[in-house]
Protein chains: 2
Amino acid sequence: MVSAEWQKLIDEKRASLDSVIPQEWRVPGNVLAKVSNEATISGLTLLKESNLLNAREQELTEKYDATALLDLLATKQVSSVEVVTAFCKRAAIAQQLINPLAEMFFDDAIEQAKERDGYLACEGKVKGPFHGLPISIKDMINIKGQFANLGYVSYLKKPRASENSVIIDILLDGGAVLYCKTTVPQALFVMEGYSTVCGTTRNAHNLSHTPGGSSSGEGALVGFRGSVLGVGSDIGGSVRAPALCNGVYGFRPSSDRLPYSKQQQFFPPGWPSITCTLGPLAVSARDLTLFFKHVLLAEPWKVDSTSHAIHWRELPPVKTLKIGVWRDDPAFSVYPPVSRILSSAVEKLRKAGHEIVELEAPSIVEAVITSFKSFSLDNNATIFKYLEEGGEDLSPALSVIAQALKGPAATLEDVWAVNASKESYREEWARVWRSHNIDVLLCPGSRNTSVPHGMYGNPVWTVIWNLLDFPAAVIPYLKADKTLDKPVDGFDPEAVHGSPGSVQVVGWRFQDEEVLRATEIIARDLHSQEGKSSVMPRI
Amino acid sequence: MVSAEWQKLIDEKRASLDSVIPQEWRVPGNVLAKVSNEATISGLTLLKESNLLNAREQELTEKYDATALLDLLATKQVSSVEVVTAFCKRAAIAQQLINPLAEMFFDDAIEQAKERDGYLACEGKVKGPFHGLPISIKDMINIKGQFANLGYVSYLKKPRASENSVIIDILLDGGAVLYCKTTVPQALFVMEGYSTVCGTTRNAHNLSHTPGGSSSGEGALVGFRGSVLGVGSDIGGSVRAPALCNGVYGFRPSSDRLPYSKQQQFFPPGWPSITCTLGPLAVSARDLTLFFKHVLLAEPWKVDSTSHAIHWRELPPVKTLKIGVWRDDPAFSVYPPVSRILSSAVEKLRKAGHEIVELEAPSIVEAVITSFKSFSLDNNATIFKYLEEGGEDLSPALSVIAQALKGPAATLEDVWAVNASKESYREEWARVWRSHNIDVLLCPGSRNTSVPHGMYGNPVWTVIWNLLDFPAAVIPYLKADKTLDKPVDGFDPEAVHGSPGSVQVVGWRFQDEEVLRATEIIARDLHSQEGKSSVMPRI
């Protein structure tokens with residue numbers, strides 16, 4: 001239990017968030033009454049019942065991906081004010097239904113949108129590759145003048161950011177409009193959506209489900225279409241888990257390609273663990289490319305000393321891919337919907353002309369053990385110290401892994417052991433890659449689809465690629481279906497019925513461009529229907 | 001003192017090396033009599049006195065750089081057998097005068113050269129970008145069937161390599177011919193040329209001088225023109241120090257761009273220290289590019305799990321550069337010839353039209369302290385264990401740093417501290433880079449030119465770039481001159497008179513291509529005379 005003093009800060013924080021939502025964007029009481037962490041209803045259903053969006057707002061927030069919106073904006077078919085207002089409104093509704101926001105600054109955003117529209121009118125050209133587009137931002141990324149609580153009560157005493165993170169400067173220089181920051185779970189270290197500060201963020205498609213984490217609010221907001229493009233971060237699956245839980249696209253690039261500087265402090269400098277990376281959440285595969293490409297074209301290494309001077313590489317188009325398929329691991333075997341959905345994807349891709357190779361993969365157990373050893377290379381128990389400062393209890397999800405994270409005191413020899421395991425494990429994977437000369441690997445993104453709050457568990461199918469530093473994207477595809485997925489030990493078809501399914505596309509370290517190209521191709525082929533291709537799956 | 005058993009192995013090793021040199025390549029006794037570690041004579045003078053090379057052999061080994069030789073080979077103006085034989089002969093003479101070789105396999109090389117000539121004759125095209133060119137290899141790199149002693153007596157019991165290092169496979173696939181391996185100092189950890197196994201390697205230009213280290217034999221052999229292109233490795237200056245001591249070019253790329261796998265073990269896996277990288281030593285700037293570019297074009301990441309999938313970038317030519325100049329640091333101030341030579345370079349570059357910016361640099365002391373802390377992150381005292389196994393005494397140069405390397409037992413917290421210092425130091429440098437938006441930085445490569453054996457000391461001006469992981473090349477330029485360089489405390493103009501001078505060109509991390517381009521431009525402008533440009537400085 002937090003002290004009365006802290007509770008006051010929490011209450012003020014929540015009240016201050018609530019106060020930003022204008023009366024005309026308020027969800028009617030009869031709809032609000034249906035909102036709870038146990039309700040199995042979809043946020044999108046409640047949105048419809050709220051009857052707040054007009055046809056144009058609905059069109060702007062649902063019909064287009066970021067690439068299409070940017071085209072409409074650049075050709076003046078829509079103004080930035082109109083687009084931004086529509087997304088602010090939909091985000092405000094999302095906030096009332098699924099609680100994905102940690103900060104809202106809609107007025108500033110609409111002012112910024114006016115500036116963009118003025119620029120286009122005066123200069124006759126767009127300000128940059130993100131001209132006029134609203135982009136949502138994960139809480140840990142600093143926006144000048146905004147708070148960043150990182151899911152810690154104790155961080156409520158931290159001042160407003162005095163400067164932007166580097167990624168923010170690049171997005172703003174590129175013409176983007178910022179309108180909100182999105183929630184993260186307690187300590188940023190679990191795949192759930194709960195923090196003592198902001199409470200529970202709910203899944204866009206099922207309020208009783210977790211949105212995944214730690215980019216919980218991003219996943220939920222983009223899944224709700226309260227954002228068309230968001231920036232998350234990923235150290236163990238924190239972009240991909242919320243993406244797949246909410247039926248959207250997510251990409252974790254190789255480390256140090258996207259600029260990471262000047263964020264709210266997650267760990268003090270020097271932690272010799274897995275490198276956290278920023279990454280986009282989006283409603284189409286091509287939007288992942290759009291984001292990554294244009295941030296790199298801004299040459300972030302010139303303004304961010306953590307950012308590698310590795311230029312964007314434009315790849316030639318290809319018609320078909322050689323795709324390695326890794327279906328399962330005996331130690332963390334995937335549940336029926338995941339396995340069925342992956343099989344369906346493989347068959348569809350085979351029919352589309354891609355060459356499919358079934359892989360014999362190294363055990364995932366080694367990856368999980370080494371990753372957790374790596375996370376526990378911190379004898380100061382930093383995250384627990386920050387939690388204690390705010391006097392808050394551990395959330396259930398964090399309690400489960402607390403012991404592993406605290407562990408016995410780690411030594412220099414543990415760092416050697418982690419490094420050595422990682423190298424030998426990467427070499428094992430290199431043999432798999434080489435023996436088949438695959439373009440990319442296709443595998444599950446998690447053991448299950450989205451699950452009830454608190455049930456996500458260990459993100460084994462994502463953390464493995466963080467450990468190896470391989471770029472990886474998730475593609476939403478199909479849904480869990482109780483008529484097809486039979487119950488097995490630990491899996492209840494009823495509980496996940498209708499949850500978004502997904503597949504994960506993985507490439508070799510620094511082959512981000514190859515992964516993005518493959519993700520676009522695979523997404524197109526998975527979502528094509530009777531010869532018609534679409535850049536967006538239906539929500 | 002080593003035991004009689006080990007001494008027997010050392011004697012056998014040396015005898016076995018000596019036995020490879022054919023009678024007709026033997027240096028006459030009257031010349032051999034002049035060879036000692038105290039002789040201030042140049043190896044090139046003794047070569048002339050030996051009168052063993054005919055005019056054609058002299059031309060092939062002195063007149064061309066690797067790029068020019070490859071052109072002659074590809075156009076059949078010279079056969080690989082002729083080129084390889086000439087370099088084998090000159091290397092054999094080098095061995096008798098300056099002792100740069102750890103392994104020689106001239107017969108195999110000439111067989112390989114025949115195969116290359118046959119290939120060109122039959123196929124009508126070259127085997128690859130290194131077709132027919134002899135390339136010398138630092139001892140730690142494995143060549144199937146050859147030993148790799150790494151400067152450890154105890155390693156004399158290790159078997160012949162059962163497979164090639166990845167870099168060797170790439171060079172051979174590219175048509176290169178391998179003919180020798182070159183010496184390293186004891187434990188590979190000093191900038192000198194002495195090991196108990198091979199004895200003293202001497203500087204090509206002054207037998208009483210150190211060749212630098214740890215690519216000691218490479219520097220000496222390329223300086224002697226017993227090799228036109230060699231492969232060294234660099235963790236603190238080990239390519240650049242021998243390059244600048246012997247008046248040749250050397251390049252330390254950003255880490256993990258060149259393939260590093262399957263070498264003789266230097267440290268057990270997992271050492272969380274500075275990453276060692278391979279790098280070329282050459283007689284022209286464009287040969288550094290040649291080597292780096294063509295190894296990358298072979299896409300080493302497809303065969304080496306340590307190698308980043310960062311493709312070679314072909315840069316557009318530029319006429320002039322914005323060059324930041326860092327002349328000195330008060331804590332490790334450079335001696336008169338180094339400072340004079342750098343000033344001369346700056347003036348020449350200014351006259352050639354380049355924009356020169358004098359930089360205010362962060363203190364080099366922080367780099368030195370952090371680097372050594374990083375090297376000492378090893379509680380097993382690995383190198384001392386390997387030395388003890390062979391019962392050998394520490395060389396004087398290693399004795400000096402032994403205490404710093406052994407240090408007190410290091411902890412996990414030391415790893416954090418090293419990482420944090422490195423990050424903040426890189427950020428300090430980022431501010432310098434950004435505030436002037438320089439293309440490259442020009443600075444000293446060492447405090448002095450080449451010096452008498454045992455006097456090289458701490459490689460502060462090179463290790464700083466390893467710590468920051470910045471690509472850096474040295475360019476030979478001018479010489480120490482007692483008529484111009486006045487004595488100061490710690491500097492004896494007489495002792496270094498005539499030693500090769502140099503400058504160092506440094507770029508931001510992963511801007512290897514920019515550094516190589518700038519190195520070619522700067523080398524051209526420094527060595528142009530009365531409007532005539534030359535790719536090679538005179539030896």
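This is a predicted model: local features need pLDDT of at least 70, side-chain atom pairs count only at pLDDT 80 or more; totals for chains, interfaces and linings use all residues.
**Entry 1**

I looked up A:Ser214 and found it in the loop between strand 5 (199-200) and helix 9 (216-223) of chain A. Helices (H or I, at least four residues) and strands (E, at least two) are DSSP runs, numbered from the N terminus. Residues are numbered from 1 along each chain as its sequence is written, chains are lettered from A and ligands numbered from 1 in the order in which they are written, and side-chain values use heavy atoms, with hydrogens and water left out.

Is A:Ser214 buried or exposed? I get 2% relative accessibility, so A:Ser214 counts as buried. Buried means under 20% relative accessible area, exposed over 50% and partly exposed in between (1.4 Å probe, protein chains only).

Skipping neighbours within four places in sequence, I see A:Ser214 in contact with several residues, including A:Lys138, A:Thr183 and A:Ser238. Contact means heavy atoms within 4.5 Å.

**Entry 2: Lys138**

Next I checked A:Lys138, which is in strand 2 (residues 134-138) of chain A. A:Lys138 is buried too, with a relative accessible area of 0%. The side chains of A:Lys138 and A:Ser214 are joined by a polar contact of 2.7 Å. A polar contact is a pair of N or O atoms within 3.5 Å; within protein, one must be able to donate a hydrogen and the other to accept it, and residues adjacent in sequence count only if both atoms are side-chain atoms.

**Entry 3: the annotation**

I found that an unreviewed UniProt entry puts "active site" on A:Lys138, A:Ser214 and A:Ser238. They are spread over 101 residues of sequence, yet they cluster in space, with a largest C-alpha distance of 10.7 Å. UniProt positions are in the numbering used here, feature names are shortened, and annotations may be inferred rather than shown by experiment.

**Entry 4: chain A against chain B**

I moved on to the two chains: 40 residues of chain A are in contact with 40 residues of chain B. Together the chains bury about 3200 Å², 57% of it on carbon and sulfur atoms. Buried area is the accessible area (1.4 Å probe) that two parts lose on being put together, summed over both.

A:Ser305, A:Leu412 and A:Trp416 supply 24% of the area that chain A buries against chain B, more than any other three residues. Helix 16 (residues 412-436) of chain A gives the largest share of the side that touches chain B, eleven residues.
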